[in-house]
Amino acid sequence: MKKTCLIYCLVLIAHCIPAQDLKYYLPDSVTYDPAIPKPKDIIYHEVGEWHATHDRLVNYMKAIAAAAPGRVKLETMGLTYESRPQVLLIITSPKNHQHLEEIRQQHVQLTDPARSASLNIENMPIVVYIGHSIHGNEPSGANASLLTAYYLAAAQGKQIDELLGNVVVLFDPSFNPDGLQRFSTWANQHKSKNLVSDPNSREFNEVWPGGRFNHYWFDLNRDWLPAVHVESQNRLKWFHAWKPNILTDHHEQGSNATFFFQPGVPSRVNPLTPDRNQELTAKLGKFHAAFLDRIGSLYFTKENYDDFYYGKGSTFPDVQGCIGILFEQASSRGHLQQTANGLLSFPFTIKNQFTTALSTLEGAKALRKEFLEYQRDFYKRAADRAATYAVKGYIFGDKNDKSRTFHFAEMLKRQQIEINHLPDNWKDGEFEKGSAYMVSLNQPQHSLIRAIFEKTLDYKDSLFYDITAWTMPLAFGLPYNEIMTPLSMGAKVETLPVPKGGIEGGKSEYAYLLEWDELYAPAAVYEMLNAGLILKVATNNFEIPVSTGNRKFDYGTILIPVKMQKENSDKVAVMVSALAEKYRLKGFAVSSGNTNTGSDLGSSRFAVIAKPNVAMITGPGVNATDAGEIWHLLDQRMNVPAAHLEPSVFNRIELNKYNTLIMVGGNYSELNKDKLKTWVQGGGTLILTEEAISWASQNGINDVKFKKAKSPADSLQRLTYVDREQVDGAQQVSGAIFGAEADLTHPLAYGYNQKTISLFKANRVFMEKSRNPYATPFYYGTTPLQSGWVSRENKEAIKNSAAVVVNTVGNGRVINIADNPNFRAFWLGGSKLFMNAIFFGRIIDAASGRTGD
């Protein structure tokens with residue numbers, strides 16, 4: 001009993017001990033090169049005494065590389081949005097460094113079935129990518145990188161020499177530099193000399209949006225597959241350049257937990273991940289367990305976390321012959337926090353992360369040949385998987401929107417997926433050569449291609465850590481087809497051609513017409529409006545002569561009447577032509593307003609477009625990622641500035657300068673609802689998404705009724721206590737894809753050419769269709785589910801519900817979008833709907849949004 005109490009006390013002491021020097025962390029059986037600077041020499045404090053800022057972290061990595069050139073090489077992968085360097089250390093033995101490029105090339109050949117069979121792996125080094133703190137406010141990983149870098153550079157003796165001789169370490173000290181800098185500043189500025197451990201203290205409660213996210217408030221741990229953000233793109237170049245065997249992803253979890261390492265929940269592993277992957281994950285886990293046992297740390301596996309969505313750092317490798325490993329350390333958030341397990345110190349969290357970095361490397365060395373053989377075998381079997389799979393390939397492309405097609409193809413090539421042009425004899429009218437591409441499944445990235453293109457409707461489990469579907473062609477809003485017969489393809493696409501725009505017919509003295517179908521049409525229109533041009537939008541379709549003959553134009557066509565402008569025709573021509581080229585738009589010069597069919601150009605069917613002056617409500621209670629997606633869309637893609645107003649600011653300022661307000665999912669209890677309603681009644685356009693619709697309904701701002709999903713308990717007589725998590729969790733809509741039927745004549749549908757629009761739903765906002773037959777321009781039919789998992793009760797509620805409802809409130813409009821049209825910035829298929837709400841919301845006929853009493 002006394003021995004048990006002693007062990008318990010020692011564990012508690014280990015949790016709360018303040019780090020005085022490196023002895024607390026480092027193995028005591030190793031000697032270290034005194035020429036290698038210790039972290040304190042460069043960052044000016046002991047590891048764990050303060051939160052290392054990103055600039056100091058980088059300074060230390062530079063110092064290590066300079067002091068140990070035989071072992072360490074520093075590369076700059078790129079810069080973040082805030083121009084912070086993303087650095088990568090390549091750490092291995094001096095001998096390996098002398099042949100580093102040769103080692104890299106030989107290693108990458110393991111992923112090429114045509115060359116891998118002849119490779120001798122007997123002495124081939126294993127490649128391990130160690131990455132830290134992709135969530136900036138989970139800092140123990142990045143701070144532990146100081147220790148791991150020091151250990152790998154300074155340790156001496158046979159053990160380290162053997163390790164570095166057999167392992168090439170790709171060492172990424174901070175996946176998310178901007179977020180880490182933001183959080184470290186917060187934690188440090190609230191640290192007391194006498195450490196405060198009360199979880200209610202300001203140190204442990206960041207202000208919105210917190211340090212988790214990157215500059216645009218995105219969760220970078222969901223961006224490995226789409227790679228929308230510069231941080232992901234920079235990192236992926238190195239991932240694919242080296243094709244590591246193991247990738248570790250050091251995270252933090254709730255403060256009352258212990259430590260998690262994979263494998264995760266067995267029933268939530270993506271079926272495209274081979275069983276051998278999980279076997280090797282478990283083998284590596286034995287090393288983590290042994291190392292954590294050695295320092296007395298508690299841990300758990302096979303619970304809570306899954307391996308399903310391939311956009312996460314620990315799952316992305318699993319579909320590419322690599323093993324992804326998730327580490328989750330209970331977070332101290334600050335420097336010392338009281339938890340259910342006692343006092344949890346920042347140094348203790350760092351020690352666990354450092355320990356599992358060492359266990360990973362030891363396991364990699366011991367299992368080196370097994371991991372190398374697995375990688376070779378994974379890609380070697382790609383041809384067998386392709387031969388037995390019914391689908392032989394895919395064709396995709398939108399002849400009306402070449403920019404979306406380009407970005408989709410760009411994503412595929414970024415992931416080293418081979419794509420081909422259509423063959424010369426192609427005759428299918430839906431897809432045109434020059435605006436569509438083909439992808440064969442008979443290539444090394446077979447599994448990743450399926451992860452991108454497949455729809456999924458069958459699942460082993462009903463609980464998910466993240467989304468359940470992400471079928472990329474649906475997300476991009478692209479027409480695509482499965483090819484079930486042997487492929488006849490055109491030439492391989494070596495360099496992806498960038499779409500070109502321009503004005504057909506040259507300069508006009510009368511008018512120009514721009515088609516609204518292209519992704520970046522809103523950006524061009526905003527730039528013209530901002531320059532003072534008068535623009536109109538067609539609310540009818542029409543046919544008119546252009547330089548190449550008669551041409552049909554659809555709803556949403558942009559009219560630029562030359563003689564209505566303040567500038568002369570030469571300046572107008574230069575501006576319109578330049579913007580058409582810049583934003584890859586197809587435009588036409590016309591010499592007359594007389595149409596063959598439909599409305600003439602002087603008709604009232606062409607409505608004047610007002611320049612959007614946009615503000616978005618942000619701050620406490622608002623879903624930061626939803627708001628960030630809109631910020632990114634407007635700022636990075638559309639070059640439309642938008643003010644970010646916190647509720648306290650909204651409540652005190654004049655709103656006259658804004659004609660468009662955006663509210664995403666969240667809690668707006670501090671917002672002045674009467675002021676908001678008065679603004680809408682005065683003629684403003686209010687765009688609501690997800691839970692913001694429910695808030696507006698509760699406060700009398702919109703006129704939306706809701707359907708309620710039945711509870712599974714309604715149909716069951718008795719439920720056991722242990723079933724609660726499974727039953728209740730299954731009622732969450734984790735994220736699935738639904739096809740909304742669109743009224744293509746409605747202003748909110750301008751630019752769409754497919755009647756079914758794929759939208760992403762991750763909420764339980766089920767709107768009833770409006771009583772006004774014209775006020776529900778997007779709705780879900782009887783079988784809207786396209787891909788993903790949803791419970792029977794929620795599926796019934798979604799059926800025949802409204803996806804978008806328009807309300808007329810006084811002189812203004814409220815546009816209610818039940819789901820997230822901008823999900824994670826790769827849902828380009830919903831961007832048009834959202835931009836239509838911004839540009840055309842105010843031209844929606846008032847009568848079409850009224851419901852009466």
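Guide: In sorting the residues of a lining, Ala, Val, Leu, Ile, Met, Phe, Trp, Tyr, Cys and Pro count as nonpolar, Asp, Glu, Lys and Arg as charged, and the others, Gly among them, as polar. The structure discussed here is a predicted model.

Visitor: How does the lining of the largest pocket divide into nonpolar, polar and charged residues?

Guide: Under that scheme, 13 residues of the lining are nonpolar, seven are polar and ten are charged. The pocket has a volume of about 580 Å³. Its lining comprises 30 residues, and N623, T625, D626, F823 and R824 lie nearest the centre. D626 and R824 are of the charged class because Asp and Arg are both assigned to it.

Visitor: Which helix gives the most to the lining of the largest pocket?

Guide: That is helix α20, residues 624–637, which supplies four residues.

Visitor: How many cavities of 30 Å³ or more does a search of the whole structure find?

Guide: The search returns four. The largest cavity holds about 80 Å³ of space. It is lined by 13 residues, with N221, K312, L326, E328 and Y465 closest to its centre. Three residues of this lining are nonpolar, five are polar and five are charged.

Visitor: What makes D466 and R824 a salt bridge?

Guide: Their side chains meet at 3.0 Å, N to O. The cut-off is 4 Å, so the pair qualifies as a salt bridge. The two residues are 358 residues apart: D466 is in the loop between α16 (446–453) and α17, while R824 is in the loop between β33 (812–817) and α26 (831–840). Both D466 and R824 are buried. They also belong to a network of salt bridges that links E138, R212, D219, R222, D466 and R824.

Visitor: How many salt bridges does this rule give?

Guide: The count is 38. One of them joins R450 to E454, with the closest N and O atoms 2.7 Å apart, and both of these residues are buried. Another joins E279 to R276, at 3.3 Å between the closest N and O atoms. E279 and R276 both lie in helix α11 (residues 275–295) and are three residues apart, about one turn of the helix.

Visitor: Why is E279 called partly exposed?

Guide: The relative accessible area of E279 is 42%. Buried requires under 20% and exposed requires over 50%, so E279 falls in between and is partly exposed. The value for R276 is 30%, which places R276 in the partly exposed class as well.

Visitor: Why is N120 called exposed?

Guide: N120 has a relative accessible area of 53%. This value is over 50%, so the residue is classed as exposed. N120 is located in the loop between α6 (113–116) and β4 (126–132). Its C-alpha atom is separated by 9.6 Å from that of Q106, 14 residues apart along the chain.

Visitor: How many aromatic pairs are there?

Guide: The count comes to 43 aromatic pairs. In one of them, the rings of F378 and Y379 have centres 5.1 Å apart and planes at 80°. The centres are within 6.5 Å and the angle is over 60 degrees, so the pair is edge-to-face. F378 and Y379 are both buried.

Visitor: What makes F408 and F476 edge-to-face?

Guide: The distance centre to centre is 5.1 Å, with 80° between the planes. An angle over 60 degrees counts as edge-to-face, so the label applies. F408 lies in helix α15 (residues 402–414) and F476 in helix α17 (residues 472–476), so the pair ties together parts that are 68 residues apart in sequence.

Visitor: Are F408 and F476 buried or exposed?

Guide: F408 has a relative accessible area of 0%, and F476 has 5%. The limit for buried is under 20%, so both residues are buried. F408 and F476 are also members of one aromatic cluster, together with Y394, F396, Y437, F453 and Y480.

Visitor: How do you know that R235 lies over the face of W224?

Guide: R235 is at 4.4 Å from the ring centre of W224. The distance limit is 6 Å, so R235 meets that part of the criterion. R551 lies over the face of F553 at 5.9 Å from the ring centre, and that distance is also within 6 Å.

Terms used. Residues are numbered from 1 along each chain as its sequence is written. This is a predicted model: local features need pLDDT of at least 70, side-chain atom pairs count only at pLDDT 80 or more; totals for chains, interfaces and linings use all residues. Side-chain values use heavy atoms; hydrogens and water are left out. Rings of Phe, Tyr and Trp (its six-membered ring) pair if their centres lie within 6.5 Å; planes under 30 degrees apart count as stacked, over 60 as edge-to-face and the rest as tilted. Buried means under 20% relative accessible area, exposed over 50%, partly exposed in between (1.4 Å probe, protein chains only). A charge sits over a ring if NZ of Lys or CZ of Arg is within 6 Å of the ring centre and within 35 degrees of the ring normal. On a 1 Å grid over the protein atoms alone, a cavity is a set of points where a 1.4 Å probe fits but cannot get out, and a pocket is an open set with protein on both sides within 12 Å along at least five of seven lines; lining residues have an atom within 4 Å of a point. Grid points are joined across faces, edges and corners, and a volume is the space filled by probe spheres set on the points.
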